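Let's walk through this structure together. Take a look at the sequence and the model, and then we can go through a few features by question and answer.

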Amino acid sequence: MGKIAKTNELLARRHYAVTTGVGQAHPLFAERAENAEIWDVEGRRYIDFSSGIGVVNTGHLHPKVKAAVAVQLEKFSHTCVHVMMYESYIEVCERLNALVPGDTEKRSLLLNSGSEAIENAIKVARKYTGRTGVIAFSGGFHGRTLLALSLTGRVVPYKAGYGPFAPEVYHAPFPNPRNGLSVDAAIAGLEQLFKSDIECERVAAFLIEPVQGEGGFLPAPPEFLQRLRTIADENGIVLIADEVQCGFGRSGKMFACEHAGIEPDLIVLAKGLAGGFPLSALVGKAEMMNAAPPSSLGGTYGGNPLACAAALAVFEVMEEEKIPQKAAKIGAHMMMRLNEMAETCPAIGDVRGLGSLVAIELFDDAEHTLPSMAKAMALVECARTQGLILLSCGVNGNVIRFLPPLTIEQAVLDEGLDCLALCLQQIK
Ligand SMILES: Cc1ncc(COP(=O)(O)O)c(C=O)c1O
């Protein structure tokens, strides 16, 4: 069978075997991957500016991650921590407790996915405060399980038709000075919520992405996070930072909330934590994390030994290869190149970034008032045909986010950016 026939055959099999609910940005099937490159079943090479949605920050199959998992695989693959624990689980927790911002004593819990860690953050906040309400922010994405979905602040494509949602979840405006929503206006929106929907004495937690990921790579202004911290402190509310996408080195610091100089009470981590193995974590103040009685948190697979081995290797690589610093450097280079591209591509209305959380926003008109999902889709498609994997995002679908592995070679990064520049000339 020819190689092209293989892709078509897999597309047909997928059609009859996989639910339509599973989206797929590119009609491609992976065969193998290494650092920032993926080869598909046709043998075609792609430069990966997605990192599997911000997961392989340390590159596809980093040799250290691969070796650590191979060693663990010779020992055991599962015991279930609720039956018999292993040292690597404790070590991952120790490392996380020491890494997250602030001097307060910390405890950790390991799980499988971002959504699961979000759900557990809310459980801990409710148990600790004895309160029920949770305030998340519009445009935020927190996952697809029912409570995480309830917290997600975007209807299409995530929430439409999937209600009723979990009770006691409210959404406040996320500040976006670019779109005219100032920090003061966002705080006023939050205060209005206390008047119109839920008294602050009943609020267990604020849940916020320090940089919205799916929402369009929108950093929360540091002042907003600082004011949220103050409001939380004044009212006994737990502040939860969802760093699933923006954490773990991507923002140029280990955690994106460090840019605002705040210490969240609980931090949710996943994606970059274990270099492609399913692992998530909830890290928080010991006093809060220990409000949970035995057996009330966890799960059969949480903190799987292969994933823990991968995470310990990722910690090493982050340190040895100075990944957060690299993220800042790669981000600055991307911003410089994208600003150059924007000079000759009138569709680009905004180039923004925090570390390697870099994005452009595309518009139909010269005044940049009409968000263009069509142009974003055309750009993603054009890039794919040229061998570059891109991802769009944003509530209007007109943002292209750039998430290359932070270990990407300079030549490969520039090759990808050259390809992008060519495609931008075609869609402008
Ligand atoms: C900020 C954020 N929170 C939570 C999630 C949910 O993570 P998962 O897909 O692993 O459940 C995501 C996934 O993209 C995310 O970006």
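**Reading the core and the backbone**

Q: Which residues does F248 touch, leaving out those up to four places away in sequence?
A: Keep in mind that this is a predicted model. In it, F248 touches N57, L96, M254, F255, L269, G272, L273, V314, F315 and M318.

Q: Which members of the largest nonpolar core touch the most other members?
A: A nonpolar core is a set of buried residues such as Leu, Ile and Phe, joined through side-chain atoms within 4.5 Å. Here the largest one has 90 residues, and L96, I135, F206, I240 and F248 touch the most other members. Helix α11 (residues 305-320) gives the largest share of this core, with 11 residues. At least three residues come from each of domain 1 (3-58 + 322-427) and domain 2 (66-320). Another core lies apart from it, with 32 residues, including A347, I348, L379 and C382.

Q: Where is P157, which a cis peptide bond joins to V156?
A: The bond between V156 and P157 is cis, with omega about 5°, and P157 sits in helix α7 (residues 155-159). A cis peptide bond also joins G163 and P164, with omega about 5°. P164 belongs to the loop between α7 and β6 (169-172).

Q: Is S295 buried or exposed?
A: Exposed means over 50% relative accessible area, so S295, at 76%, counts as exposed. S295 is not a glycine, yet its phi is positive, about 75°. This residue is in the loop between α10 (286-289) and α11.

Q: What about I53?
A: I53 also is not a glycine and has a positive phi, about 60°. I53 lies in helix α2 (residues 51-54) and, at 31% relative accessibility, counts as partly exposed.

Technical notes
Residues are numbered from 1 along each chain as its sequence is written. This is a predicted model: local features need pLDDT of at least 70, side-chain atom pairs count only at pLDDT 80 or more; totals for chains, interfaces and linings use all residues. Side-chain values use heavy atoms; hydrogens and water are left out. Buried means under 20% relative accessible area, exposed over 50%, partly exposed in between (1.4 Å probe, protein chains only). Helices (H or I, at least four residues) and strands (E, at least two) are DSSP runs, numbered from the N terminus. Domain bounds come from an automatic or database domain assignment. Contact means heavy atoms within 4.5 Å.
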